[in-house]
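I went through the salt bridges, the nonpolar core and one backbone angle. My entries follow the structure.

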Amino acid sequence: MAYLVDTNVLGRLANRTDAQHGVAMHAAIELHRRGEILHLTPQVLIEFRSIATRPIAQNGLGLSAVDTEALAAGFETAFPLVEDTRDIYPAWKGVVAGLGIIASITSLGTWRVPAKPLRPH
């Protein structure tokens with residue numbers, strides 16, 4: 001199965017002092033060990049650069065542009081890039097509507113999906 005790595009995961013991987021750094025690192029390593037593929041999108045990398053260079057006082061990582069680019073390059077090497085296309089948003093919207101995904105986050109930072117069987121469209 002393929003997974004999309006979220007900006008929050010990259011931020012936690014980049015910040016060794018984050019309380020969730022170990023959880024993010026363990027999850028990435030475990031999924032890789034299982035043969036899963038973890039992907040990035042251009043939007044996630046853009047968001048990562050934004051939070052990485054934002055001052056710590058403004059909920060960022062406070063990194064220099066050089067350090068941020070080095071981390072981003074490492075992420076691009078570790079996680080294959082999936083190109084954004086015009087088809088992504090309508091497909092995402094269909095999945096969200098079809099599964100009844102609601103905007104609540106669990107303690108692990110993942111979307112909660114109501115338990116119900118999938119129906120083919």
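Entry 1, charged pairs. I looked up Asp18 and found a salt bridge to Arg12, with the closest N and O atoms 3.7 Å apart; the term stands for a side-chain nitrogen of Lys or Arg within 4 Å of a carboxyl oxygen of Asp or Glu. Asp18 is partly exposed at a relative accessible area of 23%, and Arg12 is partly exposed at 30%. My cut-offs for relative accessible area are under 20% for buried, over 50% for exposed and partly exposed in between, with a 1.4 Å probe and protein chains only.

A note on the source: this is a predicted model, in which local features need pLDDT of at least 70 and side-chain atom pairs count only at pLDDT 80 or more, while totals for chains, interfaces and linings use all residues. Residues are numbered from 1 along each chain as its sequence is written, and side-chain values use heavy atoms, with hydrogens and water left out.

How many salt bridges does the structure hold? I get five.

Arg33 and Glu30 form a salt bridge at 2.4 Å, N to O. Both sit in helix H2, three residues apart, about one turn of the helix. Helices here are DSSP runs of H or I with at least four residues, numbered from the N terminus.

Entry 4, a pair between helices. Glu69 and Arg49 form a salt bridge, the closest N and O atoms being 2.7 Å apart. This pair links distant parts of the chain, since Glu69 is in helix H4 and Arg49 in helix H3, 20 residues apart. Glu69 is partly exposed at 40%, and Arg49 is partly exposed at 23%. I also noted that salt bridges with shared partners join Glu30, Arg33 and Arg34 into one network.

The largest nonpolar core has 17 residues, of which Leu10, Leu40, Phe48, Phe75 and Phe79 touch the most other members. Such a core is a set of buried Ala, Val, Leu, Ile, Met, Phe, Trp, Tyr and Cys residues joined through side-chain atoms within 4.5 Å. Helices H1 (7-14), H2 (21-33), H3 and H4 each give two or more residues to this core. H3 gives the most, with four residues.

Asn59 has a positive phi, near 65°. Most residues other than glycine have a negative phi. Asn59 lies in the loop between helix H3 (42-53) and helix H4 (65-78), and is exposed at 68%.
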